[in-house]
Amino acid sequence: MLGTALAVVLASVPAAAPAAGPAQRTEEIGRSAQGRAITAMRVGNPRAPRKVLVVGEIHGSEIAGRAVTRRLRRARPPRGTELWLIDDLNPDGVAARRRQNARGVDLNRNFSVGWRGGGRAFDTYYPGPAPFSEPESRAVRDLTLRIRPRVTVWYHQQLRLVTKRTGGDARLEALYARRSGLPHRRLDPLPGTATSWQNRTLRGSTAFVVELPGGRLSARSTRRHEGALLSVARAIAPPPTVRRRIPSATTASVRRAPTRGATTASTAPRSIARA
Ligand SMILES: [Zn+2]
């Protein structure tokens with residue numbers, strides 16, 4: 001609760017310079033099998049209680065979603081939300097223009113919920129020797145458990161749909177579909193996917209897949225997907241905190257604070273923020 005109130009208070013403070021963009025920070029969340037850095041960029045207020053995770057690419061041959069995550073770097077997330085943007089979860093796959101990681105594993109079959117073994121490296125859907133056998137899936141697993149995103153969107157290509165009833169809140173999927181113009185469709189459940197694992201593991205969290213069209217995303221489509229993502233972020237944003245009037249006795253003590261030392265002065269505003 002305190003976090004929510006603080007976020008609201010901070011969000012209402014005007015920016016120091018009009019030209020200043022939203023706060024951004026980059027964090028390395030892990031390394032690929034070949035040692036490439038996997039980074040996440042945070043956009044918005046780090047104290048915002050609701051996190052939205054966006055993964056631009058997990059299959060190295062399906063990279064159109066990176067245009068959306070890159071554009072979102074300049075977005076202003078709704079009050080009380082912070083975006084975590086991963087352009088490339090599978091940088092080795094991108095370098096090789098291949099679906100799988102460098103060890104031939106389809107990362108979106110390497111998660112533990114419904115994981116099914118079999119096949120060999122570089123088969124299209126090779127799930128790896130064990131759940132979370134790959135450094136890339138472990139990196140996003142650990143990040144997910146740390147930041148507990150309320151929503152996660154995973155970009156793929158090229159089925160042109162938003163997955164329906166993936167296990168989270170179907171209304172959020174439907175909202176994204178409506179705003180993006182993509183159909184909202186049910187797919188047969190697949191073994192070991194990131195979305196199944198997230199929806200099963202994090203209570204109250206929603207993860208779904210956006211299958212973009214083939215090829216590159218136009219500037220117009222990129223803006224539209226940015227808008228769809230931000231409308232989902234608005235839908236999960238915490239309600240605005242109602243600021244209560246300060247009881248007159250407290251007001252009096254705050255007014256007297258300078259003569260009574262720093263203790264009262266520093267505790268009084270905190271009690272207001274908690275309201
Ligand atoms: Zn894919």
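Student: What covers the buried residues of helix 4?
Tutor: The cover includes strand 1 (24-31), strand 2 (37-44) and helix 6 (194-201). Helices (H or I, at least four residues) and strands (E, at least two) are DSSP runs, numbered from the N terminus. This is a predicted model: local features need pLDDT of at least 70, side-chain atom pairs count only at pLDDT 80 or more, and totals for chains, interfaces and linings use all residues. Residues are numbered from 1 along each chain as its sequence is written.

Student: Which residues of helix 4 are buried?
Tutor: Glu136, Ser137, Ala139, Val140, Arg141, Leu143 and Thr144. Buried means 20 or more other C-beta atoms within 10 Å of a residue's own (exposed is 12 or fewer, partly exposed is in between; C-beta atoms are placed from the backbone).

Student: How far apart are the end C-alpha atoms of helix 4?
Tutor: They are 18 Å apart. The expected span is 1.5 Å times one less than the number of residues.

Student: And what happens just after helix 4?
Tutor: Arginine 148 comes there, and takes a positive phi of about 45 degrees.

Student: Back to helix 6. How many of its residues are buried?
Tutor: 6 of its 8, so helix 6 is mostly covered. Those buried are Ala194, Thr195, Ser196, Trp197, Gln198 and Asn199.

Student: What do the buried residues of helix 6 pack against?
Tutor: Helix 4 again, plus strand 5 (151-157) and strand 8 (206-212).

Student: New topic. Where does valine 105 lie?
Tutor: In the loop between helix 3 (91-96) and helix 4.

Student: Is valine 105 buried or exposed?
Tutor: Valine 105 is buried, because 26 other C-beta atoms lie within 10 Å.

Student: What is valine 105 in contact with, leaving aside neighbours within four places in sequence?
Tutor: Gln100, Asn110, Ala121, Tyr126, Gly128, Ser133 and Glu134. Contact means that C-beta atoms, placed from the backbone, lie within 7 Å. Proline 129 is 24 residues along the chain from valine 105, and their C-alpha atoms are separated by 8.8 Å.

Student: Now the whole chain. How many helices and strands?
Tutor: The protein chain has 9 helices and 8 strands. Of its 275 residues, 42% are buried.

Student: What share of the contacts with a separation of 6 or more joins residues 24 or more positions apart?
Tutor: In the protein chain, 70% of them.

How values were computed
Contact = placed C-beta atoms within 7 Å.
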